Amino acid sequence: MDSTVDRFGTSRFEASRNRLASLAYRLLGSANDAEDAVQDTFLHWQAADRQRIEVPEAWLTKVATNLCLDRLRSAQARRERTAGAWLPEPLLDGDPMLGPADTFEQRESVSLAVLTLMERLSPHERAVYVLREAFAYGHAEIAEILGITESASQQHLHRARRRVTAARRGGDEVDRASARRIVEEFLAAAASGRTERLVALLTDDATAVSDGAGGTAKTLLRYDNPQRIAAIVRAGLTPTPAKRRLAGGTPALHYAVVNGAPALLFVVGDRIAGSVTFDITGGRIATVRGIAAPTRLVRLTEAWLRDGPDVPLIAQW
């Protein structure tokens, strides 16, 4: 082994990189911020007296978690996240940041629905929820990571679960064939102008949220009425020269799975210009999330290009 790699413990760190990135993404909701937190963890690892670290995985988890908490507590993060203009960064199915995904709790913890709901939690509640639900840490381990008591860890988890459960809307696990069929019906109804069919595909308490055309809205756009959502979707999916200029070209519409949920991707050339994800419950759509901010679509685009595009649902929108 190369002496430089040996000296800095790079191989040991790299063995934990994907797990740390998955943890950081769940805590921060941003792939870019997660990567920064992982890199900062590596710098701490390089500077540490590693011979005195008995369990490297536990040490790295503690450092990464607390670096993420520092970011969540920062003044800049509070401004960004309380301004009403924040949505989690979408990730394409198969992205290593979405792991682990063996259990329902692990898959749910990385859904856009739960990542959004976790904004309502305190940093400690968020950390306990993620460490317990997604990574199955015991309360004694969580207490050591966060520097709190086991009793406090249990209380944080109880409050976090209660708040997430109370606010959760839809998002049932749906088999992929059914999910795709519902999204294709939604797209066909929108493209044909059949507003009444769009309404029928939405739950009675459906909601929609978007960062606006081109991701330019200063605050998130929210709609809570099925008829209003159908009208907005119908108008939004009606192509115009102005919309194509804003998108930077004529998009193709592709079906994809994003953060475990069915999605439509608006693809212009070699980049994704927009992502629309759907939470489905009882065979109908409960939540629609539109993300078009270019900074939030970089990693999604990279994964899309790496995996290779499939046949579009609509070749030219």
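## Terms and basis of the model

A residue is called buried when its relative accessible area is under 20%, exposed when the value is over 50%, and partly exposed in between, using a 1.4 Å probe and protein chains only. By this rule Asn259 is buried, with a relative accessible area of 3%.

The model is predicted: local features need pLDDT of at least 70 and side-chain atom pairs count only at pLDDT 80 or more, while totals for chains, interfaces and linings use all residues. Residues are numbered from 1 along each chain as its sequence is written, and side-chain values use heavy atoms, with hydrogens and water left out.

## The nonpolar cores

A nonpolar core is a set of buried Ala, Val, Leu, Ile, Met, Phe, Trp, Tyr and Cys residues joined through side-chain atoms within 4.5 Å. In the largest such core, which has 48 residues, Tyr25 and Leu146 touch the most other members. At least two residues each come from helix 2 (10-28), helix 3 (31-47), helix 4 (56-73), helix 7 (112-117), helix 8 (123-133), helix 9 (139-146) and helix 10 (150-167). Helix 2 provides the largest share, 8 residues. Helices (H or I, at least four residues) and strands (E, at least two) are DSSP runs numbered from the N terminus.

Contact means heavy atoms within 4.5 Å. Beyond its neighbours within four places in sequence, Tyr25 is in contact with residues including Ala34, Glu89, Met97, Leu115 and Asn259. A second, separate core of 29 residues has Ala206, Tyr255, Leu264 and Val276 among its members. In soluble globular proteins, nonpolar side chains tend to be buried together.

## Aromatic pairs

Rings of Phe, Tyr and Trp (its six-membered ring) pair if their centres lie within 6.5 Å; planes under 30 degrees apart count as stacked, over 60 as edge-to-face and the rest as tilted. The count comes to 4 aromatic pairs. One of them is the tilted pair of Phe13 and Phe42, at 4.9 Å centre to centre and with 50° between the planes. Phe13 belongs to helix 2 and Phe42 to helix 3, so this pair links distant parts of the chain, 29 residues apart. Phe13 is buried at 0% relative accessible area, and Phe42 is buried at 10%.

Another pair is formed by Trp45 and Trp59, whose ring centres are 5.7 Å apart and whose planes lie at 55°, so the pair is tilted. Trp45 is in helix 3 and Trp59 in helix 4, so parts 14 residues apart in sequence are tied together. Trp45 is buried at 2%, whereas Trp59 is partly exposed at 24%. The charged end of Arg50 sits over the ring of Trp45, 5.6 Å from its centre; this term requires NZ of Lys or CZ of Arg within 6 Å of the ring centre and within 35 degrees of the ring normal.

## Backbone features

Most residues other than glycine have a negative phi, and most peptide bonds are trans. Gly99 and Pro100 are joined by a cis peptide bond with omega of about -10°. Pro100 is in the loop between helix 5 (75-82) and helix 6 (104-108).

Ala136, in the loop between helix 8 and helix 9, has a positive phi of about 55° and is exposed at 61%. Asn259 has a positive phi of about 50° and is found in the loop between strand 3 (252-258) and strand 4 (261-268).
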